[in-house]
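This report walks through selected features of one protein model. Keep the sequence and the 3D view open while reading.

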Amino acid sequence: MISGQGLVLVADDDPHNRRLLRMMLMGAGYRIREANDGLAAVEACREQVPDLVLMDVMMPEMDGYQATSIIKTEMGDHFVPVIFLTALDDENALLRGIESGGDDFLNKPLNLAILKAKIHAMERLRDLHTGLQSRNEALLRAQARQAWEEETAEGLFSRAITRRNRGLDRLRLHRCAASTFSGDVVLSDYTPDGALRVLVGDFTGHGLTAAIGTYPVSETFHTLTQEGVDDQELLHELNHVLHDFLPAAMFMGAVLATFSPDGHRVRLWNGGMPDAWLCNTHQDRVRRIQSRAMPLGILDRLDLDTGARSFDLDEGDWLTLVSDGVLEATDVAGVAFGEDTVFRQCRASHSAADAFERIREALDTHCGNQTPADDMTLVTIDCTPTVVTESGRPQGRQLRGTLRWSLDASDQRLAEVDLVGAARTQLLEWLPNLGGGHAEALQTVIAELCNNAFEHGVLRLDSDMKATVEGFEQYYQQRAEGLRDIRGRIGVSLRYRPMATQHCIRIRVRDSGPGFDHQHLQETLEGRGDKRLWGRGLTLVRQLCEDVRYHGSGNLVEADYRWDVAPGVTDKKRASA
């Protein structure tokens, strides 16, 4: 309201008082409307909302207190200041005026200067209220839009994370996020031989920041699971992705469960998650699978012994998995749900479905209507073979023309196990069905990559030592010393996949070493670097293979060896080698 132009409602049963106020206010430029009692004042406000009300207290039909209470209620959030006009100055009268919604008082007989000052004070208060209300409305609109955008983004984000999940409908899953975005993730997929693999992960914190890491985890999990990599290689790759992708203070606790193709065994790995429970109450057995490894993303490389355990499965077995948010959920007294509660519910259950319902109901009762402080995830898996293997999927290593084989060895076993020979044996089993030949070239590639992984990754020998005769001798002396006490791991995997007009075998070799500057090596192989290559091993690998790629710090290499489907056709690049 602009001073001197607003509408003032004067409510007073005394016509002389109304006339006096009308003269005062009209002389100051205000528009006036009159009411001779409280009921008439209420009706006048309903017909046209005034900018200010001057309300007498003692009136017939309805007094000023009652009328003010009704006006304030009907105006809602719209602020209409009310100044009581009263000859009463006792404490009870003032208190009743405040309780009914009055904003100020003006004692009779009226003083024009004081009246103007009171009106101007109410104008400032009304303008302040209007501005605050406008800002609140803008804030509410912004919050509503942000909530809509977050919910839309979360829906798209969740679909991107879960779109590749297969077999998730066979799990019993309960999730409750502490905010729009969840830092918990549940992934499921089938290996090429039809076995179910499930990962339950929990990122540090919650909300969007915690949820960001779930996307690269999902893509890595599904890609490598569908390629048929073993648990060890998958965990190493997930750890590498998270270590490079996330800030130093963020990491992901995880439980990984991979069932055997016949559904009679499960391999469990727990890194930084609450205990998992493998239960069978028919046999009065509840086995605790504790965390034996660091969460993923903390170390640049996982420990050699990742703490995975294998269990034979019996009829009636089920698996219960929970995230930290379940155990840490508190009731109104601040008491945590706790792992003992999960254990008791598992002990009292007779199936995965029963355990799921018991734990969820106990959790709901415990938390009541409280908003969780952290994301909560509960998963139970019925370990029946028909549940944990893909229906209708033929078992075995060959599937739709795709083949997979892997082998790894660590420490002194590296001196005893012939990784190259084992790979060659496997290739000789595959190749007759793929047109034959190529065994010697493939063995050369595998031997060169494994030798590099062993000498430079595990033994950490420096090729530059070969620059002099003395250094050459020292190199092989250190190699001999390293063989006496080998500390490290090498994993080799082969994957065959048919292409449009070619066969392709991908060779992956990973070692536990610190890696090297593979970008510099790449430039040298392309003739752009200044690094000297000792021997022609890596050059030969590049000549024999269509593509050679190093990942991470350089301790994982992939090489694609291809040949034409048509018999008798030789790849020109390979022939020139």
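Helices α15 and α16 are roughly perpendicular to each other, a label for angles of 65 to 115 degrees (under 35 is roughly parallel, over 145 roughly antiparallel, the rest oblique). The contact involves Asn451, Phe454, Glu455 and His456 of α15, along with Tyr475, Arg479 and Leu483 of α16. Contact means heavy atoms within 4.5 Å. By class, three of these residues are nonpolar, two polar and two charged. Nonpolar covers Ala, Val, Leu, Ile, Met, Phe, Trp, Tyr, Cys and Pro; charged covers Asp, Glu, Lys and Arg; the others, Gly among them, are polar.

Helix α15 spans residues 439-458 and helix α16 residues 469-484. Their axes come within 11 Å and cross at roughly 90°. Axes are lines fitted to C-alpha atoms, for helices over the stretch in contact, and angles run from 0 to 180 degrees between N-to-C directions. Helices (H or I, at least four residues) and strands (E, at least two) are DSSP runs, numbered from the N terminus.

## Basis of the model

The model is predicted: local features need pLDDT of at least 70, side-chain atom pairs count only at pLDDT 80 or more, and totals for chains, interfaces and linings use all residues. Residues are numbered from 1 along each chain as its sequence is written, and side-chain values use heavy atoms, with hydrogens and water left out.

## The sheet around β8

Five strands make an open antiparallel sheet in the order β7-β8-β9-β10-β13. Two strands pair if DSSP finds at least two bridges between them. Strands β7 and β13 (309-312) form the edges, and each pairs on one side only. From one strand to the next, the twist averages 15°.

Strand β7 (residues 184-190) is joined to β8 by seven antiparallel bridges. Valine 185 faces glycine 201 of β8. The two strands form a hairpin with five residues between them. In its turn, glycine 194 has a positive phi of about 90°. Seven bridges also link β8 to β9 (residues 252-259), again antiparallel. There, aspartate 202 has glycine 253 as its bridge partner. Further along, β10 (residues 265-271) pairs with β13 over four antiparallel bridges. Valine 266 stands opposite phenylalanine 311.

## How β8 is covered

How many residues of strand β8 (residues 196-203) are buried? Eight of the eight are, so the strand is largely enclosed by the rest of the structure. Buried means under 20% relative accessible area, exposed over 50%, partly exposed in between (1.4 Å probe, protein chains only). One side carries Leu196, Val198, Val200 and Asp202. The other carries Arg197, Leu199, Gly201 and Phe203.

Helix α7 (residues 214-227) includes threonine 220. This threonine 220 is buried, at 12% relative accessibility. Leaving out residues up to four places away in sequence, threonine 220 touches Leu234, Glu237, Leu238 and Val241.

Another open antiparallel sheet has five strands in the order β6-β15-β14-β11-β12. Its edges are β6 (172-176) and β12 (285-289); each has a single partner strand, so one side of each is left without a neighbour in the sheet. Neighbouring strands are turned by 15° against each other on average, direction ignored.

Strand β11 (residues 276-280) pairs with β12 over five antiparallel bridges. Leucine 278 stands opposite arginine 287 of β12. Helix α11 (residues 352-367) lies across β6, β14 and β15 (376-382), at about 165° to β15.

For cysteine 383, the nearest cysteine sulfur belongs to cysteine 279, 9.0 Å away. Cysteine 383 is buried, at 3% relative accessibility.

Methods. Disulfide = S-S within 2.5 Å.
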